[in-house]
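Q: Hi! Could you walk me through this fold?
A: Happy to. Here it is.

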Amino acid sequence: MIIEQFVPALHEGDAVGNSTRHLHRFLESRGIDSRIVAIHTDESLKNEAILFESYKLSPTPDSIKILHFAVPSELTEFFLQSEGKKVLIYHNITPSSFFVDYSEHLVRMTTEGRTQLASLSSCFDLSIADSSYNATVLQNLGFKNVY
C-alpha cells in the first residue's frame, strides 16, 4: 500500500505544506510507503515531492489518495475523476466576504475555492477537518464521514 498526499504547492514554512510533510514523515516512520505530489514546490523542497505534471501521466491506481484542500487548483478535477480510496484534509478557505473591501483577487480566489470544495462533496471516503468549524462547513456541503 502507498499513501499519496496531494497539495497545490509545497512551500517551506507554509502550514499546509508543513502538515503534509509531517504526515509523510510519520507514515514513513511506521513503514508505510508515502509520497507527496505537488503542482509547485519550493526549490529547497523539490526532492520531497513528485510534480503533478509528471504524476498525472501515470497515476498510481491502487494508492490511498489524500487531498489537502485550502485553495482552488487543478487537483479538484483530478480527484473528481480518479478512482480508489480518497481522503480529504480540509484546512479552510476564508469566506470571500472578508476580502470584499481589500482584494478583488482574493474574493475571486476564495469564491472559486468554495465552489470547487462543494463540487467534491461526494468524492471522498473520509473527510478530515482541522477544526469543528471546518467540519461543520464540510457537513453543510454534504460531505460524509467527516471527522
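Q: How many strands form the sheet, and in what order?
A: There are 6 strands in an open sheet, ordered β3-β2-β1-β4-β5-β6, with parallel pairing. Strands are DSSP runs of E with at least two residues, helices runs of H or I with at least four, numbered from the N terminus; two strands pair if DSSP finds at least two bridges between them. The edge strands, β3 (50-51) and β6 (126-129), each pair on one side only.

Q: Is this predicted or experimental, and what are the ground rules?
A: This is a predicted model: local features need pLDDT of at least 70, side-chain atom pairs count only at pLDDT 80 or more, and totals for chains, interfaces and linings use all residues. Residues are numbered from 1 along each chain as its sequence is written, and side-chain values use heavy atoms, leaving out hydrogens and water.

Q: Switching to helices, which residues of α4 are buried?
A: In α4 (residues 104-119), the buried ones are Thr110, Gly113, Gln116 and Leu117. Buried means under 20% relative accessible area, exposed over 50%, and partly exposed in between (1.4 Å probe, protein chains only).

Q: Why are they on the same side of α4?
A: Because they cover an arc of only 125 degrees around the axis, taking the directions from the helix axis to the C-beta atoms. On the other side of α4, Glu104 and Thr115 are exposed.

Q: And what covers those buried residues?
A: The cover includes β4, α3, β5 and α5, where contact means heavy atoms within 4.5 Å.

Note on methods
The expected span of a helix is 1.5 Å times one less than its number of residues.
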